[in-house]
Amino acid sequence: MKYFLTSSPIDDNSDGFYEVNGFREKFISSLGKKINMLFVASDPDNYPMSSSFAKDIASHLEKEGVEVASINVIDNRNKVKAASLFKKADLVVLAGGHVPTQNKFFSSFPLKMILSKYKGTLLGISAGTMNSGRYVYLMPEEEGETKSEECNRLEKGLGLTNLIIIPHYREQEEDYLDGINLYKDIVYPFFKERAVMCIPDGTYIYNDGNEEVICGECWSIIGGKREKISEVEEEVFVEKEDLL
């Protein structure tokens, strides 16, 4: 399996796939001219949202000359058929959305085992990227969640990568929720011994089936400190034992 773990594959400024860090070229070249796409929901009960999001990704692929022959969505209606749907898929998309909700959905059927046998291309988007990790940081993101026991903790994920990832990162760290600074008051104190990789839009984690690479800007937070480990257009090889 090849995978691309992104904050978002779409650049809002161009309404096309990100060109920076070689994403568009690498991603499109990993696909055939005609594909079957499988979209795995973030909210398994919000059928209209999942369908709309899946069609939007397919539309962007069509603009790139990739014919999307079929679109299937896995949610609570058909998760028991997931294994057979994966066998037909050339591209699997793990949706963005609410991380804890998606984490519970992913663990409600044998997705991890099914993915271990998948040979195509996988695209992770935001929450889908976070839930791709061996461990997932349930970062507070909605009002009241800074005080919720459901958040600010680690949960088991799909195990595609050993990296713990926070997407949509901004260097200024000016994200506030419930009146507090998410990074200074929540993230920094939490990651005392483990490292979390913070990636801005346009950066992605790429695995060609053999090696895992951070493509673009990335910051590591551990022990109350932040370190920039890569720059725009730079690629850094991930050594699993070093970044846990």
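Two strands are taken to pair if DSSP finds at least two bridges between them. On this basis, in the predicted model described here, Val93 has Leu123 of strand β7 as its bridge partner.

Eight strands form an open sheet of mixed pairing, in the order β5-β4-β6-β7-β1-β14-β15-β18. Its edges are β5 (67–74) and β18 (235–237), each of which pairs on one side only. From one strand to the next, the twist averages 20 degrees. Helix α2 (residues 47–63) packs on this sheet and touches β4, β5, β6 and β7, with its direction at about 160 degrees to that of β5. Helix α4 lies across β4, β5 and β6 and runs at about 105 degrees to β4.

Strand β6 (residues 91–94) may be followed residue by residue. Leu91 and Val93 point one way from β6, whereas Val92 and Leu94 point the other way, and all are buried. In a regular strand the side chains alternate between the two faces of the sheet. Strand β4 (residues 34–40) pairs with β6 in the parallel sense over four bridges, and Leu38 stands opposite Val92 of β6. Strand β7 (residues 121–125) also runs parallel to β6, the two being joined by four bridges. The partner of Val92 in β7 is Leu122, while that of Val93 is Leu123.

The nonpolar residues were examined next. In soluble globular proteins, nonpolar side chains tend to be buried together. The largest nonpolar core holds 31 residues, of which Val40, Ile74, Phe86, Val92, Leu111 and Leu122 touch the most other members. At least two residues of this core are supplied by each of β1, β4, α3 (82–87), β6, α4 (99–106) and α5 (111–115). With residues up to four places away in sequence left out of the count, Phe86 touches Leu38, Val40, Ile74, Val92, Leu111, Ile114, Leu115 and Tyr118. A second, separate core comprises 27 residues, including Leu91, Ala95, Leu123 and Tyr204.

The ring centres of Phe4 and Tyr204 are 6.1 Å apart and their planes stand at 35 degrees, so the pair is tilted. Phe4 lies in strand β1 (residues 2–6) and Tyr204 in strand β14 (residues 204–207), so the pair ties together parts that are 200 residues apart in sequence. Both Phe4 and Tyr204 are buried. Another tilted pair is formed by Phe105 and Phe106, whose ring centres are 6.3 Å apart and whose planes make 45 degrees. Phe105 counts as buried at 3% relative accessibility, and Phe106 is likewise buried, with a relative accessible area of 5%. Ring pairs also link Phe4, Phe17, Phe23, Phe27, Tyr204 and Tyr206 into a cluster.

Aromatic rings also meet charged groups. The charged end of Arg77 sits over the ring of Tyr47, 3.8 Å from the ring centre. Arg194 lies over the face of Tyr135, at 4.8 Å from the centre of that ring.

Backbone geometry is of interest at two loop residues. Ser126 is not a glycine, yet has a positive phi of about 50 degrees. Ser126 is found in the loop between β7 and α6 (127–130), and is buried with a relative accessible area of 13%. Glu173, also not a glycine, has a positive phi of about 55 degrees. Glu173 is placed in the loop between β10 (165–166) and β11 (176–177). At 6% relative accessibility, Glu173 counts as buried, because the cut-off for a buried residue is under 20% relative accessible area.

Notes: Residues are numbered from 1 along each chain as its sequence is written. This is a predicted model: local features need pLDDT of at least 70, side-chain atom pairs count only at pLDDT 80 or more; totals for chains, interfaces and linings use all residues. Side-chain values use heavy atoms; hydrogens and water are left out. Rings of Phe, Tyr and Trp (its six-membered ring) pair if their centres lie within 6.5 Å; planes under 30 degrees apart count as stacked, over 60 as edge-to-face and the rest as tilted. Buried means under 20% relative accessible area, exposed over 50%, partly exposed in between (1.4 Å probe, protein chains only). A charge sits over a ring if NZ of Lys or CZ of Arg is within 6 Å of the ring centre and within 35 degrees of the ring normal. A nonpolar core is a set of buried Ala, Val, Leu, Ile, Met, Phe, Trp, Tyr and Cys residues joined through side-chain atoms within 4.5 Å. Contact means heavy atoms within 4.5 Å. Axes are lines fitted to C-alpha atoms, for helices over the stretch in contact, and angles run from 0 to 180 degrees between N-to-C directions.
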